[in-house]
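Subject: Structure handover

Hello,

Here is the structure for your files. My notes on what was found in it follow below.

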Amino acid sequence: MRNIACGDCREQTDYTANPQKWGVCVAREHTSGFEAFFGRGKMQIIRSLWQGKLELSKEMADVIFQCLTCNACSEACAYDMDNVALYEALRAELVDNNLFFGFI
Ligand code: SF4
């Protein structure tokens with residue numbers, strides 16, 4: 001598996017906004033904006049899970065469920081990956097393990 005971490009999902013300008021603005025990820029605007037909230041961070045979380053370096057957790061659910069699944073990170077990505085399909089698969093896995101967003 002290649003380790004792609006260019007950050008286009010974080011850095012690309014949204015030319016559809018008026019005025020144009022930095023960043024395509026709407027999660028950035030309603031979260032702390034740390035790496036995990038961007039597409040790149042979420043993909044790194046998923047890769048680490050797949051490699052057995054991370055385990056599912058409540059903290060992970062708090063990050064993953066704040067994504068609006070708008071798919072802008074996938075559109076910005078040059079590697080034609082279906083990011084949201086992976087986020088949704090991870091959400092399903094979290095729910096199956098009774099790990100939810102918020103105070104539940
Ligand atoms: S799908 Fe989620 S991570 Fe990707 S740009 Fe939208 S809000 Fe951000």
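How many residues does α3 have, and what distance does α3 reach from its first C-alpha to its last? Helix α3 has twelve residues and reaches 16 Å between those two atoms, close to the 16 Å expected at 1.5 Å a residue. Please keep in mind that this is a predicted model.

Helix α3

The buried residues of α3 are Gly39, Gly41, Lys42, Met43, Ile45, Ile46, Arg47 and Ser48. Lysine 42 and arginine 47 are therefore on the buried list, since buried here means under 20% relative accessible area. The cover over the buried residues of α3 includes α1 (8-11), α4 (58-64), α5 and α6 (83-96). Just after α3 comes glycine 52, with a positive phi of about 75 degrees.

The space that the ligand takes is the largest cavity.

Asparagine 83

Is asparagine 83 buried or exposed? Asparagine 83 counts as buried because its relative accessibility is 3%. Asparagine 83 is placed in helix α6. Leaving out residues up to four places away in sequence, asparagine 83 touches Met43, Cys73 and Ser74.

Valine 24 is in the loop between β2 and α2 (27-30). With a relative accessible area of 12%, valine 24 is buried. Its contacts, not counting residues up to four places away in sequence, are Cys9, Gln12, Thr13, Asp14, Ala72 and Ala76. Valine 24 and cysteine 9 are 15 residues apart in sequence, and their C-alpha atoms are 6.7 Å apart in space.

Tyrosine 15 lies in the loop between β1 and β2. This tyrosine is exposed, at a relative accessible area of 60%. From tyrosine 15 to glutamate 93 there are 78 residues in sequence and 34 Å in space, C-alpha to C-alpha.

Backbone points to check

Most residues other than glycine have a negative phi, and most peptide bonds are trans. The following places are listed with that in mind.

- The peptide bond from asparagine 18 to proline 19 is cis, with omega near 5 degrees. Proline 19 is found in the loop between β1 (13-14) and β2 (21-22).
- Threonine 69, although not a glycine, has a positive phi of about 50 degrees. Threonine 69 is in the loop between α4 and α5, and counts as partly exposed at 26% relative accessibility.
- Asparagine 98 is not a glycine either, and has a positive phi of about 55 degrees. Asparagine 98 is in the segment after α6, and is exposed, with a relative accessible area of 62%.

Regards

Definitions and conventions. Residues numbered from 1 in each chain as written. Predicted model: local features only at pLDDT ≥ 70, side-chain atom pairs only at ≥ 80, totals over all residues. Heavy atoms only, no water. 1 Å grid on protein atoms, 1.4 Å probe; cavity = no way out; pocket = protein on both sides within 12 Å on 5 of 7 lines; lining within 4 Å. Sits in = over half its atoms within 2 Å of the grid points. Helix = DSSP H or I, 4+ residues; strand = E, 2+ residues; numbered from the N terminus. Expected span 1.5 Å × (residues − 1). Buried < 20%, exposed > 50% of the residue type's maximum accessible area, 1.4 Å probe, protein only. Contact = heavy atoms within 4.5 Å.
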